[in-house]
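Me: Please take a close look at the aromatic pairs in this structure. Which rings pair, and how are they placed?

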Amino acid sequence: MEKAKNKHLLKILLAAVIIILVPLLTPNMYIMQIANMICIYIILGTSINVLTGFTGQLSLGQAAFFGIGAYATALLNTRGGLQFFPCMICSVVITALFGVILAVPALKVKGSYLALLTMGFGEVVRIVMINWTPVTSGTAGILGIESPVIFGFAFDTLKKYYFLIMVFVLLGLLYQSIIIKTRTGRAFVAIREDNEAAELTGINVTSYKIRAFVLSAIYCGVAGSLYAMMIKYVSPDTFTNNISSVILWTAIVGGFGTVMGPVLGGIVMQVLPEALRFLGDWRLVVYGVILLIVILRFPGGLYPYIQKFMENWKEKRAAHAEGRG
């Protein structure tokens with residue numbers, strides 16, 4: 001038991017060292033920007049993981065919640081004069097309300113119809129962003145978002161901002177790992193496995209599906225708020241259905257229904273396109289082929305296979321040690 005605790009502590013310390021070293025060893029702001037975007041997409045990947053990976057509700061409208069969180073923060077900051085925490089709290093509440101608004105009609109459909117409904121919701125939100133010019137400034141977007149200032153400390157550089165985002169990444173992953181072990185998490189998984197059987201066992205399927213949508217929206221709202229204050233600019237072009245697809249792929253590539261899947265997926269989905277830039281116009285073709293290979297070769301996502309590989313490696317090491325002994 002003591003040995004297991006020491007190993008767990010060692011893993012935590014190693015993770016902490018890596019997190020701290022990333023901004024210190026990053027050679028330029030371009031790579032730092034990618035690191036920050038990885039963090040934001042880990043939060044977004046966790047949002048779809050909660051909704052689709054754990055509850056089985058397919059959504060192609062996560063970009064809408066992402067955009068609502070970002071625009072709410074931009075408007076509250078530039079026109080309302082609110083600072084970071086009030087902006088984020090209000091943005092999360094607004095995004096959660098929209099989560100309820102989408103969840104109610106989503107209860108009546110499933111499968112491909114649910115995917116189309118959420119995609120349509122995303123497109124409606126984007127069109128509102130474009131056409132509600134007095135509020136959203138239309139295609140011009142909203143400029144002049146201020147950097148967060150917390151207790152007098154300004155997160156006004158990408159390296160400083162990295163640590164702020166990382167706090168929310170860790171809190172988001174921790175909450176996800178806790179909730180999946182609670183009654184709510186078990187209800188989510190039961191609904192994913194068999195909706196009707198879950199209802200027969202006494203689970204209020206309607207209530208838990210709404211909770212999943214709201215929780216997913218909250219994660220997106222946090223990501224949107226962090227994104228807006230990092231980029232200091234929001235526009236409708238950022239929150240398209242293509243972004244919803246990237247968010248979905250983040251969870252698929254990492255591994256649906258796993259706590260750490262969005263982390264691995266966020267890294268792959270943000271680093272791979274940048275690593276392929278030297279291919280020019282062929283970049284997206286190669287990118288798509290690589291993703292297809294990953295899905296065909298690792299249908300459950302990369303993280304479960306890496307986990308299995310590490311377990312097999314440990315077993316072989318233990319067997320080899322016993323043989324030598």
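Reply: What follows is a walk through the aromatic contacts of this predicted model.

A search of the whole structure turns up 11 aromatic pairs. Take Phe 84 and Phe 168, one of them. Their ring centres are 6.0 Å apart and their planes meet at 70°, so this pair is edge-to-face. The cut-off for that class is an angle over 60 degrees. Phe 84 sits in helix α4 (residues 84–106), while Phe 168 belongs to helix α7 (residues 158–179), so the contact ties together parts 84 residues apart in sequence. Phe 84 has 1% relative accessibility and counts as buried. Phe 168, at 16%, counts as buried too, because the limit is under 20%.

Next come Tyr 227 and Phe 239. The centres of these rings lie 6.2 Å apart with the planes at 80°, so the pair is edge-to-face. Tyr 227 is part of helix α10 (residues 205–231). Phe 239 is in the loop between β4 (233–234) and α11 (241–254), so the pair ties together parts that are 12 residues apart in sequence. Tyr 227 is buried, its relative accessible area being 10%. Phe 239 is buried as well, at 2%.

With Phe 66 and Tyr 71, they form one aromatic cluster.

A charged side chain meets a ring elsewhere. Arg 211 lies over the face of Tyr 208, 4.4 Å from the ring centre.

How values were computed. Residues numbered from 1 in each chain as written. Heavy atoms only, no water. Phe/Tyr/Trp six-rings, centres within 6.5 Å; stacked < 30°, edge-to-face > 60°. Helix = DSSP H or I, 4+ residues; strand = E, 2+ residues; numbered from the N terminus. Buried < 20%, exposed > 50% of the residue type's maximum accessible area, 1.4 Å probe, protein only. Lys NZ or Arg CZ within 6 Å of the ring centre and 35° of its normal.
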